[in-house]
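Biologist: Could you take me through a structure step by step, giving the general idea before the case at hand? I would like to learn how to read such features for myself.

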Amino acid sequence: MKFAVIVFPGSNCDHDAYHAAKHVLGHDAEFVWHKETSLKGAEVVILPGGFSYGDYLRTGAIAQFSPVMTAVRAFATAGGPLLGICNGFQVLCEAKLLPGALLRNKDLKFHCEHIRVRVEQTDTPFTLRATRGQVLKLPIAHGEGNYVADPATLDALESQGRVTFRYCDAEGRVTEEANPNGSLNAIAGICNEARNVVGLMPHPERACESPLGSRDGLVLFDSVVASLASSGALTA
Amino acid sequence: MKARVFVTLKPSVFDPQGRTIAEALHSMGYAGVGDVRQGKYFELEVDAGSPEKARALASEVADRVLANPVIESYRIEIE
């Protein structure tokens, strides 16, 4: 199975995603520079975390116009599994591949800590190996993770079951204290209507090995591998 | 020609930076200042035949790049 990790100028979690795919899971992985126009036959595409283009203008705003995004968009439209992590989630929202936007954290602080999220949906390629209600311990590291969308969009996300991850406490309860950034409806991650594009603020790729404090992020990678194995490989 | 583009968060979107600035001003004793909304200001040098065309160009650029219509609105001045 081949993973592509897109590298924008300023991406800094690209190696973490590559390491998780290649060394932890043992799959093929390749970096794809943002000026490339092909995804090199990848079957899974990851937009990694970091500070693409220095977060200039708005987080993810400039990256959406990178040449490689045409191929990423085509890959997503064709149903390919596409995961946006942290800055990658912000890029997906700016690119309109996911609805809404990510604003400055409500308390204006950069949060770098382990938090809990509850898996809300298990019918996406990145969550099918999880169980609904499962609590994952994942790290976050962001200053702008405060998810907002207009009321109609929020209603659509909820009624279509597209909120994939929600901030919660260790027991899986959604509380105000467990929400690190003020996201509406405690949204930590969502998927698109076709469910093949998932974006989340926490970093599953940094939670795949015990020395890192959690292996709970592995389920996202295991899920997408299982999803492709069962559906027959889809090639970009 | 110069186009000035002012981008601000929509009124419905909470602006934590503006709120923090307002609270600082209040703690300094500026009781006359109410709410504060923080925004962005862009100056574009535009090559367009008329003020109308300059406005249309600035508007297109603002829609596509300078503002995110999900959270922000903008206004344009042409000089």
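This is a predicted model: local features need pLDDT of at least 70, side-chain atom pairs count only at pLDDT 80 or more; totals for chains, interfaces and linings use all residues.

Biologist: What share of the residues in chain A is buried, and what share of its contacts joins residues at least 24 apart?

Modeller: Buried residues account for 55% of the 236 residues in chain A. If one takes the contacts in chain A between residues at least 6 apart in sequence, 76% of them join residues at least 24 apart.

Biologist: In which sense, parallel or antiparallel, does strand 11 of chain A pair with strand 4, and in which with strand 10?

Modeller: Strands of a sheet pair through backbone hydrogen bonds, either parallel or antiparallel. Strand 4 of chain A (residues 82-85) pairs with strand 11 in the parallel sense over 4 bridges, and here Ile85(A) stands opposite Leu200(A). Strand 10 of chain A (residues 187-191), by contrast, pairs with strand 11 in the antiparallel sense over 3 bridges, with Gly199(A) as the bridge partner of Ile190(A). Strands 10 and 11 of chain A form a hairpin with 5 residues between them, and Arg195(A) in the turn has a positive phi of about 75°.

Biologist: Turning to a helix, which residues of helix 1 of chain A are buried, and what covers them?

Modeller: In helix 1 of chain A (residues 14-24), the buried residues are Asp14(A), Asp16(A), Ala17(A), Tyr18(A), Ala20(A) and Ala21(A). Their cover includes strands 1, 2, 3 and 4 of chain A together with helix 5 of chain A. Just after helix 1 of chain A comes Gly26(A), which takes a positive phi of about 80°.

Biologist: How should I read the surroundings of one residue, say Val119(A): is Val119(A) buried or exposed?

Modeller: Val119(A), which is found in strand 6 of chain A, counts as buried because it has 26 C-beta neighbours inside 10 Å. Beyond residues up to four places away in sequence, Val119(A) touches several others, among them Thr127(A), Leu136(A) and Phe165(A). Gln134(A) is also touched by Val119(A), and these two residues are 15 apart in sequence and 5.4 Å apart in space, C-alpha to C-alpha.

Biologist: And where is Leu128(A) found?

Modeller: Leu128(A) is found in the loop between strand 6 and strand 7 of chain A, and with 17 C-beta neighbours inside 10 Å it counts as partly exposed. Leaving aside neighbours within four places in sequence, the contacts of Leu128(A) include Thr122(A), Ser223(A) and Ala226(A).

Biologist: Moving to chain B, what is the order of the strands in its open sheet?

Modeller: The open sheet of chain B has 3 strands in the order 2-1-3, with antiparallel pairing. Its edge strands are strand 2 (39-45) and strand 3 (72-78), each of which pairs on one side only. Strand 1 of chain B (residues 2-9) pairs with strand 2 over 7 bridges in the antiparallel sense, and Lys2(B) has Glu45(B) as its bridge partner. Helix 2 of chain B (residues 51-66) lies across strands 1, 2 and 3 of chain B, running at about 155° to strand 3.

Biologist: Finally, how many residues of chain B are in contact with chain A?

Modeller: On the side of chain B, 7 residues are in contact with 10 residues of chain A. The residues of chain B that touch chain A divide into 4 nonpolar, 3 polar and no charged.

Note on methods. Residues are numbered from 1 along each chain as its sequence is written. Chains are lettered from A and ligands numbered from 1 in the order in which they are written. A residue is buried if 20 or more other C-beta atoms lie within 10 Å of its own, exposed if 12 or fewer, and partly exposed in between; C-beta atoms are placed from the backbone. Two residues are in contact if their C-beta atoms, placed from the backbone, lie within 7 Å. Two strands pair if DSSP finds at least two bridges between them. Helices (H or I, at least four residues) and strands (E, at least two) are DSSP runs, numbered from the N terminus. Ala, Val, Leu, Ile, Met, Phe, Trp, Tyr, Cys and Pro count as nonpolar, Asp, Glu, Lys and Arg as charged, and the others, Gly among them, as polar. Axes are lines fitted to C-alpha atoms, for helices over the stretch in contact, and angles run from 0 to 180 degrees between N-to-C directions.
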